[in-house]
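Thanks for coming. I will take a few minutes to walk through one model, starting with a helix and ending with a ring pair.

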Amino acid sequence: MKSINRLGTFEDVLASAPQDVRLICLALRTLIQELHPDSVEVPRPGEPSAAYGFGEKKMSEAYAYIMPQKSYANLGFFHGASIADAHPALEGTGARLRHIKIHSLEAVRSPATVKVLQDSIAERRIALGLDKA
């Protein structure tokens with residue numbers, strides 16, 4: 001994973017997160033790295049979130065983000081609306097964004113979480129012309 005730390009680090013994103021949420025965020029980051037070893041991470045402590053994708057452009061090259069909350073981690077998908085039909089657990093009503101709330105370490109590696117990440121990676125790969133549909 002290549003991390004672009006111009007705005008800050010992943011540790012900066014987690015700075016004010018409770019310990020249990022911090023552990024969930026770290027596990028999500030590890031899962032993303034396993035599913036997409038060449039991913040580009042862009043931490044944005046001001047939001048606070050970290051985006052993951054094929055480049056550093058958040059709304060075009062990124063497919064997911066991790067955002068710590070008070071009692072859970074938000075695993076968001078920049079283009080989640082395009083895969084929402086296959087993933088009923090996705091929440092949100094925006095034009096593109098969708099997310100799931102990860103409340104436990106066990107939920108990080110659930111089949112549903114893994115599948116939605118795999119599908120979001122595949123969606124961006126196709127949208128960016130890196131793979132054929």
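**Helix, sheet and a ring pair**

The buried residues of helix α2 are Val 21, Ile 24, Cys 25, Ala 27, Leu 28, Leu 31 and Ile 32. Buried here means under 20% relative accessible area, with exposed over 50% and partly exposed in between, using a 1.4 Å probe and protein chains only. Seen down the axis of α2, these buried residues fall within an arc of 160 degrees, so they line one face of the helix. That arc is taken over the directions from the helix axis to the C-beta atoms. As background, an α-helix has 3.6 residues a turn, so residues three or four places apart point the same way.

Before going on, the conditions. This is a predicted model, where local features need pLDDT of at least 70 and side-chain atom pairs count only at pLDDT 80 or more, while totals for chains, interfaces and linings use all residues. Residues are numbered from 1 along each chain as its sequence is written, and side-chain values use heavy atoms, leaving out hydrogens and water. Helices (H or I, at least four residues) and strands (E, at least two) are DSSP runs, numbered from the N terminus.

Now the sheet. Six strands form an open sheet in the order β1-β2-β3-β4-β5-β6, with mixed pairing; two strands pair if DSSP finds at least two bridges between them. The edge strands, β1 (2–3) and β6, each pair on one side only. β4 and β5 pair in the antiparallel sense over five bridges, and Met 67 has Asn 74 in β5 as its bridge partner. β5 and β6 also pair in the antiparallel sense, over five bridges, with His 99 in β6 as the bridge partner of Gly 76. Although β6 is an edge strand, four of its five residues are buried.

Between β2 and β3 there is a loop that contains Pro 48. The peptide bond from Glu 47 to Pro 48 is cis, with omega near -25 degrees.

Last item: how many aromatic pairs does the structure hold? Two. Rings of Phe, Tyr and Trp (its six-membered ring) pair if their centres lie within 6.5 Å; planes under 30 degrees apart count as stacked, over 60 as edge-to-face and the rest as tilted. One of the pairs is Tyr 65 with Phe 78, tilted, at 5.1 Å centre to centre and 50 degrees between the planes. Tyr 65 sits in strand β4 (residues 62–68) and Phe 78 in the loop between β5 (73–77) and β6 (98–102), 13 residues apart. Tyr 65 counts as buried because its relative accessibility is 11%, and Phe 78 because its value is 4%.
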